[in-house]
Amino acid sequence: MINFKLIAKILGTLLFLEAMFMAVCLIVSLCYQEGDMVPLAVTVGATLLAALVLWLLGRGATNALGRRDAYLLVTIVWIAFAAFGSIPFLMGGYIKGIADAFFETMSGLTTTGATVIDHVEGMPHGVLLWRSLTQWIGGLGIVFFTIAVLPSFVGGSIKVFAAEATGPVQSKLQPRLTMSAKALWGVYLVLTAACALLFFLFGMGGFDAVNYAMTITATGGFATHDASTGYFNNAAIDYTAIIFMFVSGISFAMLYAAFFKMRIKRLLKNAEFRFYSALIVLSTVVIVYFLLQYNHYSVGDAIRCALFQVVSFITTTGMFNEDAAQWHHITWVILSLCMFFGGCAGSTAGGFKCARGVIALKIMRNEILHRIHPKAILPVKVNDSTINSSGQITLIAFLLVFILLCFFAYFVMILAGVDSTNSFTIALSCASNVGPTLGLEIGPTMSWSVLPMMVKWILSALMLMGRLEIFTVLVIFTPAFWKNN
Amino acid sequence: MKVIIVGADAIGAHLAELFSKIKQNIIIIDEDESKLERIAAYCDLLTIKSSANTPIKSFRDAGVNTADLFISVMRDENLNLSLCVLARSMGAKQTVARVENAEFTDVHITNAFKRAGISSIIYPDDLAAQEIIAGLELSWVRQRWNVHGGALTMLGIKLREECEILNRPLKNVCQPGCPYHVVAIKRGNSTIIPTGNDMMLSQDYVYFMTTRDYVPEMRRVTGKEHYPDVKNVIIVGGGKTAVRVVNNLPRGMKAKIFETSTARCEELNAVIDTSRVMVINADGRSVANLLEENVRSTQALLALTGNSEANILTCMTAQELGVSKTVAMVENMDYMNIAGNSDIGTVINKQALTASYIYQMLLNGDVRNIRNLLMVNADIAEFNAHKGSRITSKRVYELNLPKSVELGGLVRGGVGILINGSTQIQPGDNVVVFCQDTNISQIEKYFI
């Protein structure tokens with residue numbers, strides 16, 4: 001049976017943490033003396049209250065977290081965070097309607113970065129920071145963060161980790177999960193700090209630098225300007241963003257090994273990393289060609305814009321420095337492909353993941369080879385480790401569910417009257433946690449506020465599923481999950 | 001010199017035979033009395049029956065403290081390693097352990113083993129693989145042995161009708177300045193150390209000594225130019241030797257391994273480079289399966305299953321299907337003879353290879369490199385000529401060397417030089433000596 005008491009207790013503890021983050025925003029708001037002080041204060045209070053109630057409900061819970069509990073816990077935690085996180089937007093009147101506010105927060109937490117706010121610059125600093133902070137917390141995972149901070153509070157933390165981690169392969173860096181979590185969060189902090197510092201040096205204001213750094217290393221994509229990084233129109237800032245997006249799309253475990261243990265060679269030899277880099281280079285080259293041919297960019301601008309857009313899409317960040325809607329439509333197909341594959345497993349990026357891409361391509365190649373050599377036993381090897389057949393089936397099943405989900409969202413949006421190209425890219429964008437959409441009606445630089453309310457709810461669910469790699473959420477809706485066996 | 005051998009299986013037995021032939025004090029330890037009796041029947045040595053689990057007493061009985069060489073060649077590698085450490089700590093001068101794990105042959109690991117008291121590590125499958133790979137690189141040669149990194153090379157070649165130098169006395173064929181030197185001829189079951197009047201005939205198996213630059217010339221002279229270079233290799237049987245072969249496969253070659261066990265196929269895939277090697281889950285003895293995997297465009301077939309007879313038959317089948325280079329792995333020493341006379345190509349015996357490799361350790365110091373050629377029952381060794389030794393005193397034809405001894409060539413300052421009667425050997429030369437049925441230590445006297 002599901003251990004609801006324990007789930008309530010853990011949820012309560014996690015909400016305390018959320019309240020803590022909100023308090024940071026409240027302090028910022030107090031410094032700036034803006035209109036968001038009251039909404040933020042109320043949110044902190046409400047969250048603390050809910051946390052306390054849940055914590056009291058969960059008192060005396062048996063500390064045994066089962067596999068099902070873990071799946072349910074992770075899903076509930078993400079929904080609860082989004083729900084409480086949307087209060088400041090609603091109360092302050094910055095976003096109208098529960099659907100929109102929830103969508104915005106979920107988009108933040110899942111590091112999607114799609115926004116329904118038409119005019120970001122008009123918002124007060126506290127709320128803006130909260131918006132960026134949701135992405136930063138969601139980047140490596142809410143529960144995973146807690147494992148690093150509060151090591152001993154969950155008995156079955158391994159199961160929770162498995163339910164929330166991104167990608168098919170989980171590599172532990174240290175014998176103990178807490179140590180791994182600390183190492184990965186260490187990498188994350190260093191990256192964010194370095195990124196913020198560089199932005200600051202290249203002329204951003206302190207507040208903007210911190211916000212952009214957080215949303216870029218989380219591969220989220222929320223910006224504090226309507227024009228995103230295009231607002232600065234500064235090559236140094238663009239290239240800094242490109243580098244940090246690129247790095248954040250690499251497995252943090254690999255980054256840790258590469259930078260703290262000097263195993264850079266191993267990183268360069270990693271099949272997933274190579275696939276990821278090759279995809280970026282190839283897509284950039286093609287897009288540069290089209291920009292030079294049809295849009296008459298100068299070579300330097302073409303390279304900068306193409307690289308920025310490709311890296312932004314493949315790492316599922318969704319920042320922009322140019323309006324890709326003006327580009328040749330073939331570039332949209334390439335960017336969609338990047339959206340689909342996403343970054344490396346174990347990074348903050350979303351999408352299908354390059355590791356899965358490598359494996360899926362190898363399965364495909366093997367099937368072709370099998371026509372010629374029917375008796376051959378062809379392994380799927382990634383970095384010298386063999387993916388066994390059950391792993392391959394899981395992956396194909398994941399791919400199928402991913403595609404079906406996208407089609408479902410596509411179907412619903414067409415029904416709701418959204419433009420066809422937009423429907424397709426929005427579905428992909430949400431499932432991969434990218435953010436922008438490509439199409440005729442809504443451009444990549446525009447907000448999604450025009451979408452119908454129903455669609456926003458469905459997209460919120462889709463983003464959550466995309467972030468938790470579908471099965472974690474999907475399993476809760478199966479009858480078998482709730483049966484007592 | 002006192003040698004203690006633990007383990008009287010094929011390797012141990014073969015070693016005992018090699019060592020007893022050169023009149024060394026050999027003690028062989030095993031727990032199986034019947035194996036010991038079998039060896040004692042044809043070798044002059046002392047046998048001790050003892051279990052490897054209670055080694056101390058048998059070690060004391062054997063006098064391990066005065067042993068010059070302690071060799072542990074049982075099937076269990078862990079036992080071999082621990083016995084070597086023990087023997088070393090009890091006073092054995094040199095220890096050799098047989099292992100079954102490629103990881104242990106890494107240089108860093110062998111150095112660590114040296115510090116622990118194990119002088120040498122022998123991995124039979126690795127030795128077999130090295131032999132096979134040398135053969136694949138020179139597909140038209142059946143056996144090849146390099147001296148000083150290839151400055152001099154000995155080639156074992158089966159002569160056919162196409163050979164240019166048949167049916168003529170050697171004194172007419174090999175004028176002074178000739179780029180090769182005929183070291184030995186195996187005809188039927190007899191071995192001839194040739195003189196100027198002997199002739200090479202078709203079907204002879206001949207050992208040539210030549211220098212690096214003349215290897216292509218040898219290929220032309222012996223009529224082997226139509227032999228294709230190896231590009232594709234089929235391996236039947238996915239054992240450890242197969243793994244060592246494909247993991248050291250020369251550049252530009254691709255391989256397919258036929259293995260009947262599905263579980264083993266999965267294991268193989270985990271340890272090999274799958275971009276060059278494909279594992280086929282089928283019986284490689286079946287012609288249909290071979291044809292399906294395009295055996296006709298394959299230049300080499302290695303039969304490496306655990307069944308000697310099947311390996312030989314597979315090689316014969318492959319030869320009929322047009323595979324020019326075939327290698328059969330056999331366990332049985334008797335088959336080595338058949339191989340030279342028939343069309344099954346190269347025959348590899350892991351145990352004999354291992355034994356002959358260990359054999360050279362006994363002859364350390366002045367013997368640089370030695371190889372036992374089972375097929376002609378002969379040794380080929382590389383000696384260093386010392387200053388003032390007999391071999392440097394006169395020209396070769398004046399030395400009055402025993403008839404069964406043949407000087408093949410020498411390496412002077414890194415350059416290979418062939419030897420004829422008028423050659424004067426100088427101190428510091430490395431001389432390659434071929435000797436049949438002779439005690440190597442007798443020849444050693446000439447060089448000290």
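Q: Which residue follows helix 18 of chain A, and what is its phi?
A: In this predicted model, A:Gly417 follows helix 18 of chain A, and its phi is positive, near 90 degrees.

Q: Which residue has a positive phi of about 60 degrees although it is not a glycine, and is it buried or exposed?
A: That residue is A:Thr111, which is not a glycine and yet has a positive phi of about 60 degrees. A:Thr111 sits in the loop between helix 5 (98-109) and helix 6 (125-140) of chain A, and it is buried because 34 other C-beta atoms lie within 10 Å, where 20 or more are enough for that label. In chain B, B:Gln203 also has a positive phi, near 75 degrees, and is a residue other than glycine. B:Gln203 lies in the loop between strand 10 (190-192) and strand 11 (205-211) of chain B, but with 14 C-beta neighbours inside 10 Å it counts as partly exposed.

Q: How many residues does helix 12 of chain B have, and what does it reach from its first C-alpha to its last?
A: Helix 12 (residues 308-320) of chain B has 13 residues and reaches 19 Å, close to the 18 Å expected at 1.5 Å a residue. Its buried residues are B:Asn311, B:Ile312, B:Thr314, B:Cys315, B:Thr317 and B:Ala318.

Q: What is the order of the six strands in the open sheet of chain B?
A: In general, the strands of a sheet pair through backbone hydrogen bonds, either parallel or antiparallel. Here the order is 3-2-1-4-5-6, and the pairing is parallel. The edges are strand 3 (46-49) and strand 6 (120-122) of chain B, each of which pairs on one side only, and the twist from one strand to the next averages 15 degrees. Strand 1 (residues 2-6) of chain B has four of its five residues buried, so it is largely enclosed by the rest of the structure. This strand pairs with strand 2 (residues 25-30) of chain B in the parallel sense over five bridges; along the pair, B:Val3 stands opposite B:Ile26, and B:Val6 stands opposite B:Ile29.

Q: Which strands stand at the edges of the open sheet of seven strands?
A: That sheet has the order 1(A)-14(B)-13(B)-12(B)-15(B)-16(B)-17(B), with mixed pairing. Strand 1 (376-377) of chain A and strand 17 (346-348) of chain B stand at the edges, and each has a single partner strand, so one side of each lacks a neighbour in the sheet. Helix 6 (residues 124-137) of chain B packs on the sheet, touching strands 12, 15, 16 and 17 of chain B, and its direction makes about 170 degrees with that of strand 17. Within the sheet, strand 13 (residues 254-258) and strand 14 of chain B pair in the parallel sense over four bridges, with B:Lys256 opposite B:Met278.

Q: Where does B:Ala282 lie, and which residues is it in contact with, leaving aside its neighbours within four places in sequence?
A: B:Ala282 lies in the loop between strand 14 (277-280) and helix 11 (287-292) of chain B, and it is in contact with A:Lys375, B:Phe258 and B:Asn289. It is buried because 23 other C-beta atoms lie within 10 Å.

Q: What ipTM and pTM does the predictor give the complex?
A: The complex has an ipTM of 0.72 and a pTM of 0.80. Chain A averages a pLDDT of 86, and chain B averages 84.

Definitions and conventions. Residues are numbered from 1 along each chain as its sequence is written. Chains are lettered from A and ligands numbered from 1 in the order in which they are written. This is a predicted model: local features need pLDDT of at least 70, side-chain atom pairs count only at pLDDT 80 or more; totals for chains, interfaces and linings use all residues. pLDDT is the predictor's confidence in each residue, from 0 to 100. Helices (H or I, at least four residues) and strands (E, at least two) are DSSP runs, numbered from the N terminus. The expected span of a helix is 1.5 Å times one less than its number of residues. A residue is buried if 20 or more other C-beta atoms lie within 10 Å of its own, exposed if 12 or fewer, and partly exposed in between; C-beta atoms are placed from the backbone. Two residues are in contact if their C-beta atoms, placed from the backbone, lie within 7 Å. Two strands pair if DSSP finds at least two bridges between them. Axes are lines fitted to C-alpha atoms, for helices over the stretch in contact, and angles run from 0 to 180 degrees between N-to-C directions.
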